Amino acid sequence: MPPDAPLPRTARIPGSKSLTNRALLLAAAAPGTSRLWAPLVSDDTLAFRTALTDLGLTVDAGPEDAYWDVTGTGRGPAGQAAARVWCADAGTAARFLPPFAATGDGTFRFDGSAQLRARPLRPLLDALGELGATVRAAEEGRAVPDALPFEVTAAGLDGGRIVVDSAMSSQYLSGLLMAAPLMRQGLEADARSLVSRPYVDMTLALMRRYGAQVEASADRIRVLPGRYRPTDLAIEPDASTASYFFAAAAVTGRAVTVPGLGTGSLQGDLRFVDVLAKTGARVSIGAGATTVSGGGPLRGGFDVDMGEISDTFMTLAAIAPLADAPVTIRGIGHARLKESDRIEAMAANLRVCGIRVEEGADRITVHPGRPAPARIACRRDHRIAMSFSVLALGSGVPLELDDPGCVAKTFPGFHAEFRRLFPEFTASSEEHR
């Protein structure tokens, strides 16, 4: 660290949602009990945990949720007639649990919130049908199953070779891959159309930790049939959530350290700090922690492809008005199919703040400008609320969040932790005090 660098403040970032929900599923598929240390406790992970119990699995929480013990059977679930699985708002539950259920026996009805019902599932459900499951739409007026609610009738899956359209989401393929060891022939999948490949690499790394035999190349992934083994796992802090605190350091000239996120991280979103380095921030990634320090006025004037780390593009877009030149973010078309149309949502909210923005099918360009006080439409999307909190901090302009509580999807304590590290934070909504 340079001698003039500010002393870092340590951010208390909760566990990774992506790792927590993947580990929950893999532990459920292993025979015996696995302990997950420091799991994320949030709306999405609690929804996933509850959905597992809907499938007949047992998850016991330790004192103050310090750990969760997951007891698996080593096979897919055996359901009663039309077992109901409620996914709430959790996209990972809707995409990871149906393939797991399909390796079992029974009929399983999946449903979720109105927000989750609007998110596409057709490529995943088509793949399950090709692999031998019977999938039916469970809503009047829909002949073809393409979204929640739907029913899966299962008697195990044969597996084999498959091509999955993963241009909209890598979660379709991740869900199928995690179920693959329980398929009679395993699975060989084409990986050429993937978006967000780092998330699939995370899936494969965890599968190997739980004993799966996996062979992977740039365009093909093969999973051999076999069994998972119960494995205890410490969950890393969430790199996507950490992006807001790293960005806050960049725009305030402060320094923030996140312990537990280092060179061995399984999360591709840690690469967001490389993007911050383009803005002039100083970045240090060590074996056990990452530190970002503000490096003076924010630099713009660059074009960056964030397709592989698209959950963090909003963080960059939110601080881009504070840069000295426009910033263009590309490769993020699939972000239009998340909790909200995230490109349009960011553009609309920035315009409300008086910022000039241009958007395309898979890109957004944000021009420099001082934000005006505004009310931010969060659209029940946690990443909008957290991103614009960083803009409010960096600009010193009061921005009111219309739904500050939506951060509970991934980090219920976000506002308290943000204010602890940055007491000058002045976002104007009284609701998140």
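Start with two helices. The axes of α3 (residues 91-102) and α6 (residues 171-179) come within 8 Å and cross at roughly 35°. Axes here are lines fitted to C-alpha atoms, for helices over the stretch in contact, and angles run from 0 to 180 degrees between N-to-C directions. Helices (H or I, at least four residues) and strands (E, at least two) are DSSP runs, numbered from the N terminus.

Who makes the contact, meaning heavy atoms within 4.5 Å? From α3, the residues include Arg95, Phe96 and Phe100. From α6, they include Tyr172, Leu176 and Met178.

This is a predicted model: local features need pLDDT of at least 70, side-chain atom pairs count only at pLDDT 80 or more, and totals for chains, interfaces and linings use all residues. Residues are numbered from 1 along each chain as its sequence is written, and side-chain values use heavy atoms, with hydrogens and water left out.

Now the sheet. It is open and mixed, with 4 strands in the order β1-β14-β16-β15. Strands pair if DSSP finds at least two bridges between them. β1 (9-10) and β15 (282-285) are the edges, each pairing on one side only. β14 (residues 255-259) and β16 (residues 289-293) run antiparallel, joined by 5 bridges. Thr257 stands opposite Thr291 in β16. Helix α8 (residues 239-252) packs on this sheet, touching β14 and β16. The direction of α8 makes about 155° with that of β14.

Last, confidence. pLDDT is the predictor's confidence in each residue, from 0 to 100. The chain averages 93, and 96% of the residues score at least 70. Over residues 428-433, pLDDT stays under 50.

Terms used. Contact means heavy atoms within 4.5 Å.
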